[in-house]
Amino acid sequence: MKDVLIKKKEIGLFYKNLKEEFTVYGVKQKEKGFYVFDETDEFSDPLEEYKPTILPPKKFLFPQQETLLRFNTQPHPDIKPVIGSKKQVLFGVRPCDIHGIRLLDKIFNADHEDKNYTQKRAMTIIVGIDCLEPCYEHAHCASVGYLEVDDGYDIMMTDIGDTFYTSWKTPQGEEIIRKYAKFLEAKNEDTDKFLRMKSERQDRFENKIKTNVSNLPLFFKNADNDPVWDELNDRCLGCGRCNIVCPTCYCFDVYDCMELNLASGERCRQWDACTLKDFAVVSTGENFRPSRGQRLRHRFNRKFNYLMTKYNASFCVGCGRCTRSCPVNIDLVETVNAVIKNNRIHEKQ
Amino acid sequence: MKNSNSLFLPEIAKVVSTRQLTAMEKYIELKTIDDREFDFTPGQFVQLSVFGIGEAPISISSSPFNRESIGLCVRRAGDVTSAIHKLEPGSRLGMRGPLGKGFPVKEMRGKDLLFIAGGLGLAPLRSLINYTLQKRDDFARIRILYGAKKPGEILFPDELQTWRERKDIELEITVDTPDQNWTGKSGVITRLMPSLKLEPENTFALIVGPPVMYKYVLLELQIKQIPETNIIMSLERRMKCGIGKCGHCQINGVYVCLDGPEFSYHTLKFLPEAI
């Protein structure tokens, strides 16, 4: 692998050229301080001003709403699967969100391959932009070990001043750089500068979680009756925002929609949220997680225990979106630290 | 799975026959339109689709030795099951499955079996009971306890009668609220348990019923010292996908659809949300 340099003033050209072949989604400002991934005419990433987008880029792989089947019911049911995908580039994905996609890759390939996801993923090229400074106060990527990323992207660009120090990870990444970017080969001094800037960033990213992340499953296994859940039960509104903005939340509901002719229709899935009141309600009306505290405990366990144990990886990527979006200021890091504090006995040194 | 293309694509099945069992429960028999043979383990379930209404998980109630069709006991509880109740012979619907793991039939071989069915719980257990009766010599003593709320809610009365007449199995039925014509036992199902003489190490208890039943049945089984690994329970949870993705049926770290819906108490006791 050879690393290359793309001048900052030529990044817009790369972005624009990619649009010849791909639908390109980049970061743009929606309103002051709030960013979204969207199809944009030009490169509009705020770079050092960047804060995590309102929704993570998972929406291009696992859309909020997605058709799974189309059917005709008359005279007899006739069903066609729908698996939509297109050649797309996600441009400017930060390490936390790359980890989010890596984790969703595991989920949708495990046990039964979910082709509605995997076929979109196979058609997607990810151009990452690395972080040299913490993006905002809620970020805790380093605390969960996800500042560094060495997989799950095609190209990674690092802002080293006037240029992006650019590496490709996959043959597709190399191909689109050669085809669409104006670049120079990186010299040794460029590589030295890049490595120096990467190593200097370490001190700027604080470890906010008060234990090694690998200890968390044990803490959470033993925290079912922790008072923190009672406290959160009284604060949480059960609104589901933390689920919706999370890069690794993937629960969904499935429902049918009929056309007005009442003969044809679609089966769709849409994002669901385990913190919503009716998430675990069965048809007899029984709710297996009736309280908000129980549902929030479930959500934290999904991130730091259940899925973490199954896949040996934290399912919190440290983007801080849940904390930022919570209407009652429930702070993920504070909650995890409260669990740690109350259960210190479970720590492995 | 038959459909390797989309996980969500059902195959088309047709209703062969229907039978009203009680006011709330209907038995429907299905075949696939290409008449493929069914191969399943008792305790597994299918996702039934009425297109335009939705999908619902229903456990298979027929014997796995009948490979030409499957029978399902459907309680009218929500939109999809209400729509299924309206289907007539010849109607077509969607089906995915069989899904789940089912009962551990291999481990049960050679053991005494104690079936404990509450209400609609008889539906999935009926598949397993008929399986064990077909392979009667593979199992030792077979006892069936069945509890219904009212005499009118007793499922499969004719079949219960043939089980009662067999000399090689024992059946006891109780109803919570008897009526004037009821001559059998009354009271909750756990009332049938204290008098049971069991060889605990050699017994498998197979339990399907409403959530409230499990707590009390478990207590009785623990008094009888049945090993935790030999207590098998089937759990009901909300399910959307049936294949371990949508998250609805998750209990702590396990997926009911993928890892169950039958679990041993040995597994469930580590899952505080299970019972």
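Reader: How many cavities of 30 Å³ or more does the structure hold?

Author: This is a predicted model, where local features need pLDDT of at least 70 and side-chain atom pairs count only at pLDDT 80 or more, while totals for chains, interfaces and linings use all residues. Residues are numbered from 1 along each chain as its sequence is written, chains are lettered from A and ligands numbered from 1 in the order written, and side-chain values use heavy atoms, without hydrogens and water. A cavity is a set of points, on a 1 Å grid over the protein atoms alone, where a 1.4 Å probe fits but cannot get out. Cavities of 30 Å³ or more number 7.

Reader: How much space lies in the largest cavity?

Author: A volume is the space filled by probe spheres set on the grid points, which are joined across faces, edges and corners. For the largest cavity, that space is about 170 Å³.

Reader: Which helix gives the most to the lining of the largest cavity?

Author: Lining residues have an atom within 4 Å of a point, and here there are 19, with Cys242(A), Leu296(A), Cys322(A), Cys326(A) and Ile330(A) nearest the centre. Helices are DSSP runs (H or I, at least four residues), numbered from the N terminus. Giving the most, with 3 residues, is helix 9 of chain A.

Reader: Which residues lie nearest the centre of the second largest cavity?

Author: This cavity has a volume of about 100 Å³. Of its 16 lining residues, those nearest the centre are Cys246(A), Pro247(A), Arg299(A), Cys316(A) and Cys322(A).

Terms used. 1 Å grid on protein atoms, 1.4 Å probe; cavity = no way out; pocket = protein on both sides within 12 Å on 5 of 7 lines; lining within 4 Å. Helix = DSSP H or I, 4+ residues; strand = E, 2+ residues; numbered from the N terminus.
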